[in-house]
Amino acid sequence: MSARLFSDDILFYQRILSVAGIYQGKLDGKWSTAVDAADQAFATESGQIATQLGSFDQRSEGNIRTLLPQTQREARSFLTRAKNFAGFEVRIISGSRTYAEQDQIFRKGRFGNPGPIVTKARGGQSNHNFGIAWDVGIFQNGKYLTGDSKPEAKIYKQLSSIVLTSDLEWGGNWTSIVDMPHYQMKLDLTLEQVRARFEKGRSFS
C-alpha cells in the first residue's frame, strides 16, 4: 500500500492508518513525515501478513492491501479456504473504497449515468469505506460469474459454505439487500458506530 492508492484522499488514508493503530497524528488530510512513516509501517505489516498467510493473484493482492491488517488476515485465510472450491477460481475483486469512490459507484445507473444500479450505499454508508469488507469474484474456465442468475447465485452460496467463519458476515445471508459477492468482518457495532469511530481514527475493537 502506498500514498498513491488514496492520493486523492489523504484524510481517508490517515483514518485507515489511525484505526490500524499505526498513526497517531492529526487527521488533517495533509501528507507529513509522520504519515509517511505510518505508510511504510503499514506496507511492512501487510508484507509480513502476506509472508505468513500466503500471496495470491495480482488483483486480489492489490485489493487485500487496502484493508485493515486484521481484515487482511481474514481475507488471506478466506482465499486459502477457497482453494478447496474445486472447479472454480476465487479472487478478491474489491477492497476498501474512499467515500468519493463509493459515491461514484452509487451514481451508476442513476442521475442519467449509464449502467445498472450497483449499490444503494452512498459514501460513508458501506463497510467498504472502513477497511473491513471485500467482494469476491468466482471464475470458471476464465469466465466471471456475477451471481446474478439463480445458477450462479447457487455457486456463490456453495462457496460460502466453505469459507464462512464465525468472524465473518456474508452478504448472501442478508434479507433487505442480498449481496452474494460481499464479505465483511463481524463487529459488535452498528454501521453508524463504525463510521463514527472511523472518522475519529479510533479502533473498532
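**Terms and their grounds**

Me: Why is Asp135 called buried?

Reply: Buried means under 20% relative accessible area, exposed over 50%, and partly exposed in between, with a 1.4 Å probe and protein chains only. Asp135 has a relative accessibility of 12%, so Asp135 counts as buried. The model is predicted: local features need pLDDT of at least 70 and side-chain atom pairs count only at pLDDT 80 or more, while totals for chains, interfaces and linings use all residues. Residues are numbered from 1 along each chain as its sequence is written, and side-chain values use heavy atoms, with hydrogens and water left out.

Me: Where is Asp135 found, and with which side chain does the side chain of Asp135 make a polar contact?

Reply: Asp135 is found in strand S2 (residues 133–140); strands are DSSP runs of E with at least two residues, helices are runs of H or I with at least four, and both are numbered from the N terminus. Its side chain makes a polar contact with the side chain of His128 at 3.1 Å. A polar contact is a pair of N or O atoms within 3.5 Å; within protein, one must be able to donate a hydrogen and the other to accept it, and residues adjacent in sequence count only if both atoms are side-chain atoms.

Me: What makes Asn141 exposed?

Reply: The relative accessible area of Asn141 is 81%, so Asn141 is exposed. Asn141 lies in the loop between S2 and strand S3 (143–145), and has a positive phi of about 55 degrees although it is not a glycine.

Me: Why are H2 and H4 called roughly parallel?

Reply: Angles under 35 degrees count as roughly parallel, over 145 as roughly antiparallel, 65 to 115 as roughly perpendicular and the rest as oblique. The axes of H2 (residues 33–53) and H4 (residues 69–82) cross at roughly 25 degrees and come within 10 Å. H2 and H4 are therefore roughly parallel to each other. Axes are lines fitted to C-alpha atoms, for helices over the stretch in contact, and angles run from 0 to 180 degrees between N-to-C directions.

Me: How do you know that H4 and H6 are roughly perpendicular?

Reply: H4 and H6 (residues 150–163) pack at an angle of about 110 degrees, with their axes 9 Å apart. H4 and H6 are therefore roughly perpendicular to each other. Phe78, Arg81 and Ala82 in H4 meet Leu159, Ile162 and Val163 in H6, where contact means heavy atoms within 4.5 Å.
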